[in-house]
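Subject: Structure handover

Hello,

Here is the structure I promised to pass on. Please open it next to this email and follow along as you read.

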Amino acid sequence: MRIDVITIFPDYLAPLGLSLVGKAREQGMLDMRVHDLRDFTHDRHRTVDDEPYGGGPGMVMRPEPWGEALDAVLTEHADPLLVIPTPSGGPFTQSLATAWAARPGMVIACGRYEGIDARVADHYAAQAEVVPVCLGDYVLAGGEVAALAIVEAVTRLLPGVVGNEASIADDSFAPGSMEGLVEGPVYTRPPEWRGHAVPDVLLSGDHGRIAAWRREQAERRTRDMRPDLLEG
Ligand code: 6GU
């Protein structure tokens, strides 16, 4: 899979050289390239933003550098997908991650939170699938942290990236796992730590009882932490 990230803070994406994503890149399963938006400016100050038309606080990203960067990068993609992290996007979910992992690639356009001139998304909708996405109900200073999350969520679903394929099928939010529930608690050795014992059932060897217990724990945890998932 090919992923291009365009940002004014290329160093923000450095963690994508580490761990699972870094390994996927080394092994050739992921071709990820980070581009500095300022390389697509032409003025002495490498300007990327300006005051909002209509007034108001903050700055808006000018369309010209985005146009030059996206013209250069999107043409490298066969079936172009343009992802725009923004607090005004639709929710980024496991089902989007799964759909995107099956595509040849994507371009992620990181703006500052006041946003990119809206004509950019409109313009590229004629030649790409343009998807504004949001991670959750809070405001980040820019799209870079969201790009990290999106790249990691998608990359770990690529065939051969996570060692244990079963651990993907079992994910909270994975379709079919414990449908619509978050995972309950997990334990490893030692059987007792600082006076806290591992629940007996997990040491029983009775796979039926263990599965039933895990299901009940997942339901309890979902009720406590994510009651929103139980509606409907
Ligand atoms: Cl995707 N972008 C920004 N700037 N803030 C966010 C977000 C994205 N998701 C949650 N907060």
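Start with helix α1 and helix α5. α1 passes α5 in a left-handed crossing. This is a predicted model, so treat every value below as computed from that prediction. α1 covers residues 19-26, and α5 covers residues 144-155. Their axes come within 10 Å and cross at roughly 65°.

Which residues make the contact? On α1 they are L20, V21 and A24. On α5 they are V151, E152 and T155. Sorted by type, the residues of this contact divide into 4 nonpolar, 1 polar and 1 charged.

Now stay with α1 and look around its axis. V21, G22 and A24 are buried. Why do they sit on the same side of α1? They cover an arc of only 160° around the axis, which puts them on one side together. What covers these buried residues includes α5. The other side of α1 holds S19, K23 and E26, which are exposed. After α1 comes G28, with a positive phi near 80°.

**Other backbone points**

G28 is a glycine with a positive phi. R46 has a positive phi of about 50°. Find R46 in the loop between β2 (31-36) and β3 (49-50). Is R46 buried, partly exposed or exposed? With a relative accessible area of 33%, R46 is partly exposed.

R194 is the other residue to look at here. Its phi is positive, about 50°, and R194 is not a glycine. R194 lies in the loop between β8 and β9 (196-197). R194 counts as exposed, because its relative accessibility is 72% and the cut-off for exposed is over 50%.

Next, look for a cis peptide bond. One joins R189 and P190, with omega at about 5°. P190 belongs to the loop between α6 (165-169) and β8 (192-193).

**The cysteines**

How many disulfides are there? The count comes to 0 disulfides. Take C110 to see this: C110 is in no disulfide, and the nearest cysteine sulfur, that of C134, is 14 Å away. Seen from C134, the closest cysteine sulfur is in C110, and 14 Å is too far for a bond. The cut-off is 2.5 Å between the two sulfur atoms.

Are these cysteines buried or exposed? C110 counts as buried, at 1% relative accessibility. C134 counts as buried too, at 11%. Both values fall under the 20% cut-off for buried.

D117 is in the loop between β6 (105-109) and α4 (119-124). D117 is buried, with a relative accessible area of 16%. What does D117 touch? Leave aside its neighbours within four places in sequence, and D117 is in contact with V60, M61 and P63.

R220 lies in helix α7, residues 207-225. R220 counts as partly exposed, at 40% relative accessibility. Now find V182. The two residues are 38 residues apart along the chain, yet the C-alpha atoms of R220 and V182 are separated by 9.4 Å.

**The whole chain**

Zoom out last. The chain has 7 helices and 9 strands. Its C-alpha trace spans about 70 × 40 × 35 Å along the principal axes. How many of the 232 residues count as buried? The share is 38%.

One last number is about contacts.

Best wishes

Note on methods: Residues numbered from 1 in each chain as written. Predicted model: local features only at pLDDT ≥ 70, side-chain atom pairs only at ≥ 80, totals over all residues. Heavy atoms only, no water. Axes fitted to C-alpha atoms, helices over the stretch in contact; angles between N-to-C directions. Helix = DSSP H or I, 4+ residues; strand = E, 2+ residues; numbered from the N terminus. Left-handed = near helix turned anticlockwise from the far one by under 90°. Contact = heavy atoms within 4.5 Å. Nonpolar A, V, L, I, M, F, W, Y, C, P; charged D, E, K, R; others polar. Buried < 20%, exposed > 50% of the residue type's maximum accessible area, 1.4 Å probe, protein only. Arc of directions from axis to C-beta.
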